[in-house]
Amino acid sequence: MTAIYTWDVFSTLDGYGTYTEGADWGGYWSKQGPELLEHRAALFDTEQRMVFGATTFRETAQIMSSGIDPNTLDEWNVRTMHTPATVLSSTLQDTLGWPNATIVSGDAVEIVTQLKQESDVPLRSQASLSLNRALMAAGLVDRLQVTIFPVISGRTGASPILGGAGDFDLELLESRTLDGHTQELVYRPTPR
């Protein structure tokens with residue numbers, strides 16, 4: 001059986017995954033609420049394996065291992081760090097303090113194909129935009145989970161989540177509204 005691979009990404013309504021330095025949005029574009037945070041924590045209640053590209057892993061590991069009091073982090077972030085992870089990188093040499101992380105070098109499509117064939121748990125990747133656009137083009141992304149925050153960041157938006165992606169049909173599998181304003185959409189992408 002092949003493991004399900006979910007690309008899990010946050011976005012503004014206009015498709016940006018983050019904002020430029022100096023913008024005053026704050027985390028989650030300042031739109032997080034208790035329902036979103038509870039839902040995110042529940043996503044990490046089940047056994048799974050994280051898959052990261054080097055940049056996202058570096059950024060996430062830096063935040064998680066920077067000496068921040070774990071009690072100040074959102075529960076889903078704490079659970080993420082305790083989830084086994086595979087990091088696809090030809091530049092990283094150590095796991096930057098991330099427990100249960102393994103660094104693998106090589107062709108991302110081949111590595112994820114093998115992970116999907118061998119894993120007995122679902123695979124989830126957060127952000128890792130260029131990695132996941134390549135995996136989606138190769139037909140390896142089974143679920144595209146986009147959490148859309150109710151903001152437009154035309155002046156300060158950075159990292160267009162689907163910038164440079166190919167053409168895809170999207171079949172809507174699930175949708176929910178969190179905290180009355182944030183949308184989570186789960187699609188099955190099919191290359192055109």
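## Pockets and salt bridges

Lining the largest pocket are 32 residues, with G17, T18, E59, T60 and A127 nearest its centre. A pocket here is an open set of points on a 1 Å grid over the protein atoms alone, where a 1.4 Å probe fits, with protein on both sides within 12 Å along at least five of seven lines; lining residues have an atom within 4 Å of a point. Keep in mind that this is a predicted model, where local features need pLDDT of at least 70, side-chain atom pairs count only at pLDDT 80 or more, and totals for chains, interfaces and linings use all residues. Residues are numbered from 1 along each chain as its sequence is written, and side-chain values use heavy atoms, with hydrogens and water left out.

Now for the charged pairs. The structure has 9 salt bridges, each a side-chain nitrogen of Lys or Arg within 4 Å of a carboxyl oxygen of Asp or Glu. Three of them are listed here:

| Pair | N to O distance |
|---|---|
| R79 and E75 | 3.1 Å |
| R192 and D169 | 3.1 Å |
| R188 and E171 | 2.7 Å |

R192 comes in the segment after strand 10 and D169 in strand 9, so their pairing ties together parts 23 residues apart in sequence. D8, R40 and R124 also join up in a salt-bridge network.

Methods
Helices (H or I, at least four residues) and strands (E, at least two) are DSSP runs, numbered from the N terminus.
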